[in-house]
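Please read this briefing alongside the sequence and the structure.

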Amino acid sequence: MTIRSFVCRTAALALSAALTLTAPAWAAPQDDWQTLYKGELRRLLTQGTAGPQSLFAALADLNLDGAPELFALSSDGLTQYQYTAGEGRLSPLTVEEGEDWGGRQLQDLRLYFNNQTGQYKLTVEFSSPSQGTPSKGGVSLYEYSLEGQTLRRRLQFQYIETQEGAAYYCAGEDGEAVLISGSQYRQKMTDYYQGFALVSDYAPSIFALSAGYDEAQVDRMLKNYRPCPVQALPAQTPVSVGGAQISCDVYNIGGSSYFKLRDLAQALNGSDKQFDVGWDNESRQVSIEAGKAYQPAVGADGEPQGPIPALGRQPSDGGVSFGGRPFEAEKYNVGGSNYFKLRDLAQLLDFQVLWDEASRSIRIDPSKPYTP
C-alpha cells in the first residue's frame with residue numbers, strides 16, 4: 001500500500017454529528033425514552049443471539065433534541081445495536097455501509113458550537129496506527145451526521161507522518177494526498193474549527209452492563225445519564241391568550257414549544273390562571289404561586305431571544321416548586337432564562353392550549369380547563 005492510498009483510506013472508529021433540526025414549531029411532548037430503552041436493554045441482556053450477554057452501553061444525544069440515542073456493543077465485540085426514541089416508539093438506527101464501531105469510542109466525542117451561526121459539530125480526532133506501512137501513523141478527524149435514522153461518517157482531515165519525516169495530508173474520503181508540513185496541517189485544523197468553541201459539558205455516558213437483566217443496574221444507568229446541552233431553535237410562532245396576540249420568547253426543543261416562564265406569567269396576569277414567579281434561595285428552586293398577580297423581578301429577564309439557534313441546558317438548581325411542593329417539570333436554561341414546556345405548564349395551572357392549523361399559531365385560553 002502506498003503512502004498516498006494509506007493516507008486517504010485509513011479509517012477509525014468514532015461517532016459525531018452535525019444536524020440542523022427542522023421540527024415543527026408545535027408538537028406533542030417528547031416520549032419517555034427511558035422506558036423505551038429500559039425495555040430494549042432487558043431484551044438484549046436476556047435474549048441475545050447466544051443467550052444472555054453482557055453489554056457496553058452508551059447514551060449520547062447526537063441531534064441535541066434532549067433525548068439521547070442508545071448504543072450497545074456485546075462484550076465479545078461481535079454484535080452492535082443502535083437506537084433512537086421518538087413518536088412513542090423505539091427505532092433502530094442504520095449504520096452506513098462499511099461502518100463499524102462500538103459504544104466505547106463515544107468517550108472521545110466532542111461538541112463544538114458556533115454562537116454566531118447556531119451551527120454545531122460533533123467530531124472525534126484520534127491517532128491512526130501505521131498498520132505495517134512505512135509511516136509513523138498519524139491523526140484523523142471524522143465528523144458524523146444523523147440523517148433521519150441513518151448514521152453517516154465523513155472523513156474531514158487526515159495527516160500521516162512518514163519514517164523519513166515527510167508529512168502527507170488529505171481532505172475527505174476521496175481527497176488527494178498532498179505533502180505539507182505539520183504547521184500547515186495545524187492551520188487547516190484551525191480553519192476548520194474557526195468560529196466554533198468546545199462545549200465542555202457535553203459528554204456521552206458510558207456503562208458496562210453484566211449479562212442477565214438486573215433492573216437496579218439498568219435504573220442506575222438511566223439515572224446517571226448526564227443530560228447534554230440541546231439545540232434551542234427560535235420559534236416565530238404567533239401566540240394568543242384569550243384571543244389577544246402576545247409577544248413572547250418561544251424556543252423549539254426536540255419538537256416541543258418551550259416558553260419563558262416570566263413571559264407566560266405576564267401574559268396570564270389578571271386572568272383566572274394568573275401566577276407569580278419567585279426564587280427560593282434556600283432550596284434553590286423556582287417557585288410558582290398560582291392565583292397571585294405576577295410581580296416582575298428587576299434583572300430577571302435574561303438575554304432576549306435572537307434569530308440564531310442557541311444552546312439550552314437543564315439547570316443545576318433544585319427544580320421547581322408549585323404551591324410550596326416540588327413539581328417535576330422539563331425545563332431548560334437558555335440565555336440565562338428558564339424555559340418550560342408549554343403543555344407541562346398548561347396541565348399544572350389548568351388552562352387550555354390549542355394548535356390552530358389554519359393560522360399556524362398557538363392559542364391559550366385561560367377560561368377553559370386543560371385537555372390532553
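Predicted model: local features only at pLDDT ≥ 70, side-chain atom pairs only at ≥ 80, totals over all residues.

Residues are numbered from 1 along each chain as its sequence is written, and side-chain values use heavy atoms, with hydrogens and water left out.

**Overall make-up**

- The protein has six helices and 27 strands; these are DSSP runs numbered from the N terminus, with helices being H or I of at least four residues and strands E of at least two.
- Of its 372 residues, 49% count as buried (buried means under 20% relative accessible area, exposed over 50%, partly exposed in between, with a 1.4 Å probe and protein chains only).
- Among contacts between residues at least 6 apart in sequence, 59% join residues at least 24 apart (contact means heavy atoms within 4.5 Å).

- Five strands form an open sheet in the order 4-3-2-1-13, with antiparallel pairing (two strands pair if DSSP finds at least two bridges between them).
- Strand 4 and strand 13 (205-209) are at the edges with a single partner strand each, so one side of each has no neighbour in the sheet.
- On average, neighbouring strands of this sheet are turned by 25 degrees against each other, direction ignored (axes are lines fitted to C-alpha atoms, for helices over the stretch in contact, and angles run from 0 to 180 degrees between N-to-C directions).
- Strand 2 (residues 69-74) and strand 3 run antiparallel and are joined by four bridges; Leu 73 stands opposite Gln 80 in strand 3.
- Helix 2 (residues 33-46) packs on the sheet and touches strand 1 (55-60), strand 2, strand 3, strand 4 and strand 13. The direction of helix 2 makes about 155 degrees with that of strand 3.
- Helix 4 (residues 215-223) also packs on the sheet, touching strand 1, strand 2 and strand 13, and its direction makes about 175 degrees with that of strand 13.
- Four bridges also join strand 3 (residues 80-86) to strand 4 (residues 89-92), again antiparallel, with Gly 86 opposite Arg 89.
- These two strands form a hairpin with two residues between them, and Glu 87 in the turn has a positive phi of about 55 degrees.

- An open sheet of four strands has the order 19-20-22-23 and mixed pairing.
- Its edge strands are strand 19 (275-280) and strand 23 (325-327), each pairing on one side only.
- Neighbouring strands here are turned by 35 degrees against each other on average, direction ignored.
- Strand 20 (residues 285-290) and strand 22 (residues 319-322) run parallel, joined by four bridges; Ser 287 has Ser 321 in strand 22 as its bridge partner.
- Helix 5 (residues 261-268) packs on the sheet against strand 19 and strand 20, and its direction makes about 150 degrees with that of strand 19.
- Helix 6 (residues 342-349) lies across strand 19, strand 20, strand 22 and strand 23, at about 45 degrees to strand 20.

**Helix 5**

- Its buried residues are Leu 261, Arg 262, Leu 264, Ala 265 and Leu 268.
- These residues cover an arc of only 160 degrees around the axis, which puts them on the same side of helix 5 (the arc is that of the directions from the helix axis to the C-beta atoms).
- Gly 270, which follows helix 5, has a positive phi near 90 degrees.

**Nonpolar cores**

- The largest nonpolar core has 45 residues, and those with the most contacts inside it are Trp 33, Leu 59, Leu 62, Phe 71, Tyr 202 and Met 221 (a core is a set of buried Ala, Val, Leu, Ile, Met, Phe, Trp, Tyr and Cys residues joined through side-chain atoms within 4.5 Å).
- Another core, of 28 residues, lies apart from it and includes Ala 235, Val 250, Ala 265 and Val 277.

**Aromatic pairs**

- The structure holds ten aromatic pairs (rings of Phe, Tyr and Trp, the last by its six-membered ring, pair if their centres lie within 6.5 Å; planes under 30 degrees apart count as stacked, over 60 as edge-to-face and the rest as tilted).
- Phe 157 and Tyr 192 form an edge-to-face pair, 5.3 Å centre to centre with 85 degrees between the planes.
- Phe 157 lies in strand 9 (residues 150-162) and Tyr 192 in helix 3 (residues 182-192), so the pair ties together parts 35 residues apart in sequence.
- Both Phe 157 and Tyr 192 are buried.
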